[in-house]
Amino acid sequence: MKNIKDYTIEELKQEMIQIGEKPFRAEQIYSWLYKEKVKDFNEMTNLSLELREKLKENYNICNFKIIKKQESKDGTKKYLFDVLDSNAIETVLMSYHHGYSLCVSSQIGCKMGCKFCASTGINFIRNLSSGEIVEQLIAVEQDENIKISNIVFMGIGEPLDNYENVIKAIRIINNPKGLNIGARHISISTSGLVPKIDKLANENIPCTLSISLHATTNEKRSSMMPINNTYPIEELINSCKEYIKKTNRRISFEYALAKDSNDNLEDAKRLAKLLKGMLCHVNLIPINPIEKGIYTKSTNENIIKFRDYLNEKGIVATIRRELGSDIDAACGQLRRKNLDRRKKCC
Ligand code: SAH
């Protein structure tokens with residue numbers, strides 16, 4: 001059965017026409033789904049009984065179940081959601097002085113194989129549909145009775161490897177009749193799928209693009225991120241330059257600092273050279289060690305030196321505050337969890 005949350009408003013209007021209804025019904029349904037956040041077609045009381053029955057016959061409303069919710073000392077909350085097909089995903093809610101930010105997953109598992117990331121090493125299962133991406137927001141907003149102001153695609157998965165569904169989810173989230181979160185409050189993070197970055201530049205969606213760079217030589221980057229063998233640093237940086245030219249948007253480069261690996265002054269020098277003159281910002285992340293991982297956190301001293309060097313060279317760099325590491329909710333700590341396995345051990 002089709003998930004009613006998988007449609008942009010234009011697509012839902014077409015769906016209504018196909019089932020013999022007036023297109024404006026789509027707007028009413030949108031309001032019920034995204035403003036009232038109802039979980040059942042029966043609650044859509046301004047629709048006729050007949051239409052509600054028709055909707056029930058043709059669609060379901062995807063309502064995730066919370067399997068587990070953990071709260072960090074710093075207020076960060078991690079959700080494990082049952083996505084209703086024996087799989088589970090993680091979503092993280094962070095609270096900042098400027099509002100709530102939600103870190104959403106885009107796939108069940110990930111194909112990228114980055115050596116430092118906990119989402120690696122577990123099989124890729126499938127893409128999340130746009131409705132499943134959107135549902136993470138709805139479920140958290142409802143559970144906490146809050147309004148989320150920012151979304152980051154930094155959970156499990158490579159968002160640009162699930163391009164169509166991620167773009168569609170953004171359009172649903174964006175729509176004033178939907179969740180009404182402006183594109184400027186949405187960040188997409190990518191390991192560097194060059195053709196998709198080029199495509200995104202033409203979408204006319206003013207979201208923030210984050211590039212997981214993490215290294216300044218192809219040798220090092222390929223050893224950390226296999227995707228670099230396909231799209232090496234020069235191609236990636238060129239594509240970023242094009243993106244900036246086309247969109248006039250600042251790119252955020254993510255750089256996770258690992259001790260004795262990519263955190264010395266030579267790396268900082270190469271990074272400054274690479275990004276010279278670009279409209280960008282560097283986000284330095286103290287790498288989070290993962291189970292059986294080979295990377296350990298840089299020292300505070302090295303992290304500060306690295307930042308100061310970049311700033312001296314005129315490249316805006318900040319150190320990302322770590323949130324939720326005590327509940328494995330920090331960057332790179334999210335995993336796909338299989339419900340079947342969970343059932344066995346309960
Ligand atoms: N696939 C996307 C989004 C998911 S990862 C991407 O690669 O960008 C979100 C961010 O966390 C990325 O910048 C990623 O490189 C970073 N990250 C992954 N593992 C990490 C770890 N162990 N420590 C710190 N950051 C990590």
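**Cavities, a pocket and helix pairs**

The largest cavity in this predicted model has a volume of about 480 Å³.

Student: Which residues are closest to the centre of the largest cavity?
Tutor: The lining of this cavity has 30 residues. By class they divide into 15 nonpolar, 12 polar and three charged. Closest to the centre are Phe-116, Cys-117, Ser-212, His-214 and Gly-332.

Student: Which elements give two or more residues to the lining of the largest cavity?
Tutor: The elements in question are strands. They are β10, β12 and β13.

Student: Which element gives the most to the lining of the second largest cavity?
Tutor: This cavity has a volume of about 40 Å³. Its lining is Lys-68, Gln-70, Lys-78, Tyr-79, Leu-80, Glu-90 and Lys-337. Two elements give two or more residues each: β3 (65-71) and β4 (77-82). With three residues, the top contributor is β4.

Student: How many charged residues are in the lining of the second largest cavity?
Tutor: Sort the lining by class. Two residues are nonpolar and one is polar. The charged ones number four.

Student: Which residues lie nearest the centre of the largest pocket?
Tutor: The pocket holds about 860 Å³ of space. Its lining has 37 residues. Among the elements that give two or more of them are β5 (87-96), β9 (148-153) and β13 (280-286). Nearest the centre lie Tyr-96, Val-152, Met-154, Asn-283 and Arg-320.

Student: How many charged residues does the lining of the largest pocket have?
Tutor: Again, take the classes in turn. There are 16 nonpolar and 15 polar residues. The charged count is six.

Student: Are α10 and α11 roughly parallel or roughly antiparallel?
Tutor: Helix α10 (residues 265-275) and helix α11 (residues 300-312) have axes that come within 9 Å. The axes cross at roughly 30 degrees. Angles under 35 degrees count as roughly parallel. Therefore α10 and α11 are roughly parallel.

Student: Which residues of α11 meet α10?
Tutor: The α10 side brings Leu-265, Asp-267, Ala-268, Lys-269, Leu-271 and Ala-272. By class, the contact has seven nonpolar, no polar and two charged residues. From α11 come Phe-306, Tyr-309 and Leu-310.

Student: Is the crossing of α1 and α2 left-handed or right-handed?
Tutor: In this pair, Ile-9, Leu-12, Lys-13 and Met-16 of α1 meet residues of α2 including Arg-25 and Tyr-30. The crossing is right-handed.

Key. Residues numbered from 1 in each chain as written. Predicted model: local features only at pLDDT ≥ 70, side-chain atom pairs only at ≥ 80, totals over all residues. Heavy atoms only, no water. Left-handed = near helix turned anticlockwise from the far one by under 90°. Helix = DSSP H or I, 4+ residues; strand = E, 2+ residues; numbered from the N terminus. Contact = heavy atoms within 4.5 Å. 1 Å grid on protein atoms, 1.4 Å probe; cavity = no way out; pocket = protein on both sides within 12 Å on 5 of 7 lines; lining within 4 Å. Points joined across faces, edges and corners; volume = space filled by probe spheres on them. Nonpolar A, V, L, I, M, F, W, Y, C, P; charged D, E, K, R; others polar. Axes fitted to C-alpha atoms, helices over the stretch in contact; angles between N-to-C directions. Parallel < 35°, antiparallel > 145°, perpendicular 65-115°, else oblique.
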